[in-house]
Amino acid sequence: MGQFADIRPYNNEEVASVLNNLLADDELVAAVASLKLGPWHKAFTWLVYPIIRFVISRQLRGVSTVEDFQHVVKGYMDGMIESTTTGLTVSGLDALDPNKPYLFMSNHRDITMDPAFVTYALYHNDHDTVRIAIGDNLLTKPYVSDLMRLNKSFIVKRSAKGPRQILAAYKMLSSYIRHSIEEDNNPIWIAQREGRAKDGNDRTEPAIIKMLAMSQQKQTESLSDYINKLHIVPVSISYELDPCDGAKAKELYETATHGEYQKDEHEDVESIAKGIAGNKGNVHVSFGVPLEGEFDNADAVADAIDRQVVGNYVLHSSNFFAYKLLHGHYPEGVHSSDHQTFSAQDLAAGEAAFSARINALPAEHREFALGIYANTIDRKKDFA
């Protein structure tokens, strides 16, 4: 594993020393203090910081392995699901072999919650948890990187500069993913695209497939052979409510109006916080079936993934509300997760609250916010 030392997750032998470093990190303690207590704590750091270190050390008592650490994270996930969702449901996972290492490729709606919900579903269904691909643009602090790598994240070097560095980074990433699947027998999570699908249109970037194919042994295996060996399972994650819908709508409006959008320095951190703490309504995770067959090129692989991601995407009432507000009527021919048509009477009961949510946004942003929810329905029609 030495060749992957810069990007791989931490292993069990490293947990103790990493935790000691984290407990000594003033930036981590300050971040926890700000999150829990607000800015007033800065006048009493001499009192607050020792208390926070004591609390954190108690929470991490007995943690000596990655699995131990993930059990602590699971406790936080339990609380988050209880307080910010009205329910989490899962489908398709019972058809997958818990002893097989899959490459789970999901749509991308939330920076941290997408892999978190996939991991949570696997954890509770006796599957090994995934190693999570995360861009180094999100690892702005050493303690953030340490926490993510303790939680089985591996680093995607998006900050690489120049053609040679970028190519080397992608080759390393591709090799690591193949190594994880074939040698370590450990599943992987990776998004189907770089960056979230802010407009609600889930599409696999062929560039992701080309990156994976960099580890293909072209003299001895075809692209189809290699894709089949990766056991790619498309995953659809759907949120009834998107805590970041207002921010996404603003970005979409600015891009459409001015041709570009300048992201604030700490905007990704704010999006992560909103995604974790914001109301998500019902959340559903749909696991597809492993890709198998003949694929002529990366576009064909991407299309096969899209067919499952879009086809298995579970619609919520919010998708129908948004569609009606955009088009003046509810759509025909699309159904809820149990393949029953939403009744107009049931939809009418919740439409007012959703309309109020959208109307609270600036008028020029509302159409873009509605598209975040409604475009999924049009996307499903593409594969009908």
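Colleague: Does lysine 198 count as buried or exposed?
Modeller: Buried means under 20% relative accessible area, exposed over 50%, and partly exposed in between (1.4 Å probe, protein chains only). Lysine 198 has a relative accessibility of 16%. Lysine 198 therefore counts as buried.

Colleague: Which pLDDT must side-chain atom pairs have to count?
Modeller: Residues are numbered from 1 along each chain as its sequence is written, and side-chain values use heavy atoms, with hydrogens and water left out. The model is predicted, so totals for chains, interfaces and linings use all residues, local features need pLDDT of at least 70, and side-chain atom pairs count only at pLDDT 80 or more.

Colleague: Which residue forms a salt bridge with lysine 198?
Modeller: A salt bridge is a side-chain nitrogen of Lys or Arg within 4 Å of a carboxyl oxygen of Asp or Glu. Here the closest N and O atoms are 3.7 Å apart.

Colleague: How many residues apart are glutamate 251 and lysine 198?
Modeller: Helices (H or I, at least four residues) and strands (E, at least two) are DSSP runs, numbered from the N terminus. Glutamate 251 lies in helix H10 (residues 245–258). Lysine 198 lies in the loop between strand E5 (188–191) and helix H8 (206–212). The pair links distant parts of the chain, 53 residues apart.

Colleague: How many salt bridges are there?
Modeller: One of them joins arginine 53 and aspartate 26, at 2.4 Å from N to O. Arginine 53 is in helix H3 (residues 45–59) and aspartate 26 in helix H2 (residues 26–37), so this pair ties together parts 27 residues apart in sequence. Both ends are partly exposed, arginine 53 at 24% and aspartate 26 at 47%. By the rule above, the count of salt bridges is 20.

Colleague: Is helix H7 parallel or oblique to helix H9?
Modeller: Axes are lines fitted to C-alpha atoms, for helices over the stretch in contact, and angles run from 0 to 180 degrees between N-to-C directions. H7 (residues 163–182) and H9 (residues 223–230) have axes 10 Å apart, at about 55°. Angles under 35 degrees count as roughly parallel, over 145 as roughly antiparallel, 65 to 115 as roughly perpendicular and the rest as oblique. That makes this pair oblique.

Colleague: Which residues of H9 make the contact with H7?
Modeller: Contact means heavy atoms within 4.5 Å. H7 contributes Ser174, Arg178, Ile181 and Glu182. H9 contributes Tyr226, Lys229 and Leu230.

Colleague: What phi does histidine 231 have?
Modeller: Histidine 231 lies in the loop between H9 and strand E6 (232–239). Histidine 231 is partly exposed, at 22% relative accessibility. Although it is not a glycine, its phi is positive, at about 55°.
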